[in-house]
There are 2 protein chains.
Amino acid sequence: MAKGFLLIISGPAGTGKGTVCKSLLERNNDIIYSISATTRKPRTGEANGINYFFIEDEEFKEKISKDEFLEYAYVHTNYYGTPKEFVMDEVKKGEIVLLEIDVQGALQIKKNYSEAVFVFLLPPTMEELKNRIVKRGTETTEDINRRFENAFKELDFVGEYDYFVVNEKIEDAVSDIESIIRAERLRVKRHSDIKEKVISKGGK
Amino acid sequence: MAKGFLLIISGPAGTGKGTVCKSLLERNNDIIYSISATTRKPRTGEANGINYFFIEDEEFKEKISKDEFLEYAYVHTNYYGTPKEFVMDEVKKGEIVLLEIDVQGALQIKKNYSEAVFVFLLPPTMEELKNRIVKRGTETTEDINRRFENAFKELDFVGEYDYFVVNEKIEDAVSDIESIIRAERLRVKRHSDIKEKVISKGGK
């Protein structure tokens, strides 16, 4: 049986993870999106099991103690985490599961589940990275500078990833990722029965 | 600096290595073909440095003793080998070097140079494999059966490779290999300066 894989799209803030993942999912409806669990309350328009799995603090902590997350973080008084079972089940079925996550989260997953495919999204230039952080608005100059410095530092972690993709034009970045997916589907290591498949198939 | 890589297209006789490589080179004129050295005499139409590097027995043996081949074999009174220096130089320059080779040769290279990218070409079915071996003609039934059995056994070595490609339709097989190339170009491990490149590039 062929196994699928967990595809991690990651990178610093301002590299366009969200936009790239959205376009990737629109173009490939066979990719399954990994939904995070959180203790944060749903915002207007957010639905349980679609945007997040909204759970209570106690349940989240219990899941942590049972090692049920591939990674988790505590951010601004709320927990966020990637449920392990869902990912594992889909991968076992041969599916490709997409996870959009920040650099710290990706590094956690690398420790727990190194057979995932790690893609680091890069900005075309540092200037463009700053522009994108500024464009998000609603933040003070101090916040923006802090975010930018943090993003700059996080570029050092690209060496921990399998692939890098420069997000200059979204379509090109998505095509790059599609090539990575197509190549990774052809990886011998995820197939235990290549010879058997050829033998068992009838002639034409 | 970004390194290139040696792309090994390999597989049993009858899987269509030659046709696939020819089409791959036609569609991608930036791929460099690795020319083998041989002690066999040139056939009509064959040119030195194009089809093979035609060299004398003594020179070949000297190169063996100096470890100048990535792999070599002695077949029907003649030596055949893959010169190491040419491949290494081009890879260092960032080029993609294509080598079409049988399974035994690929396994030798795996021992000496495991950072090459190994692609195993498969027939769609065993029946089709037999058809292709038969179509080559000029061989006795005994020869054909021996070749077929050998090809069948060689399928066991697919586990030693990085990728597998089923050669049902040539265009699809070539597209698969093109995706592998595009993905492998995005491999972090062959780039030592990803962050520097982003930093040094001016804004737009």
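This is a predicted model: local features need pLDDT of at least 70, side-chain atom pairs count only at pLDDT 80 or more; totals for chains, interfaces and linings use all residues.
Among contacts in chain A between residues at least 6 apart in sequence, 67% join residues at least 24 apart.

Chain A holds eight helices and nine strands. With a radius of gyration of 19 Å, close to the 17 Å that the globule rule gives for 204 residues, chain A is as compact as a globular protein of that length. Along the principal axes, its C-alpha atoms fill a box of roughly 65 × 45 × 30 Å. Of the 204 residues in chain A, 48% count as buried. The accessible surface of chain A comes to about 10,600 Å², and carbon and sulfur atoms hold 48% of that surface. As for charge, chain A carries 32 positive and 36 negative side chains, with the centres of the two sets 4 Å apart.

Now to the meeting of the two chains. Here, 40 residues of chain A are in contact with 39 residues of chain B. The size of an interface is often given as the accessible area lost when the parts come together. Between chain A and chain B the buried area is about 3,600 Å², and 63% of it comes from carbon and sulfur atoms. On the chain A side, the residues that lose the most area to chain B are A:Phe164, A:Leu186 and A:Lys195, which together give 20% of what that side buries.

Which residue of α6 can we visit next in chain B? B:Thr141 is found in that helix, and at 59% relative accessibility it counts as exposed, because the cut-off for exposed is over 50%. Back in chain A, A:Ser114 sits in the loop between α4 (103-112) and β8 (117-122). A:Ser114 has a relative accessibility of 47%, so it counts as partly exposed.

The table sets out a C-alpha separation for each of these two residues.

| Residue pair | Separation along the chain | C-alpha separation |
|---|---|---|
| A:Ser114 and A:Tyr161 | 47 residues | 9.9 Å |
| B:Thr141 and B:Ile109 | 32 residues | 32 Å |

Technical notes. Residues are numbered from 1 along each chain as its sequence is written. Chains are lettered from A and ligands numbered from 1 in the order in which they are written. Side-chain values use heavy atoms; hydrogens and water are left out. Helices (H or I, at least four residues) and strands (E, at least two) are DSSP runs, numbered from the N terminus. The radius of gyration is taken over C-alpha atoms; the globule rule is 2.2 Å times the number of residues to the power 0.38. Buried means under 20% relative accessible area, exposed over 50%, partly exposed in between (1.4 Å probe, protein chains only). Contact means heavy atoms within 4.5 Å. Accessible areas come from the Shrake-Rupley method with a 1.4 Å probe; for residues, only the protein chains shown count as cover. Lys and Arg count as positive and Asp and Glu as negative; His and the chain ends are not counted. The place of a charge is taken as NZ of Lys, CZ of Arg, CG of Asp or CD of Glu. Buried area is the accessible area (1.4 Å probe) that two parts lose on being put together, summed over both.
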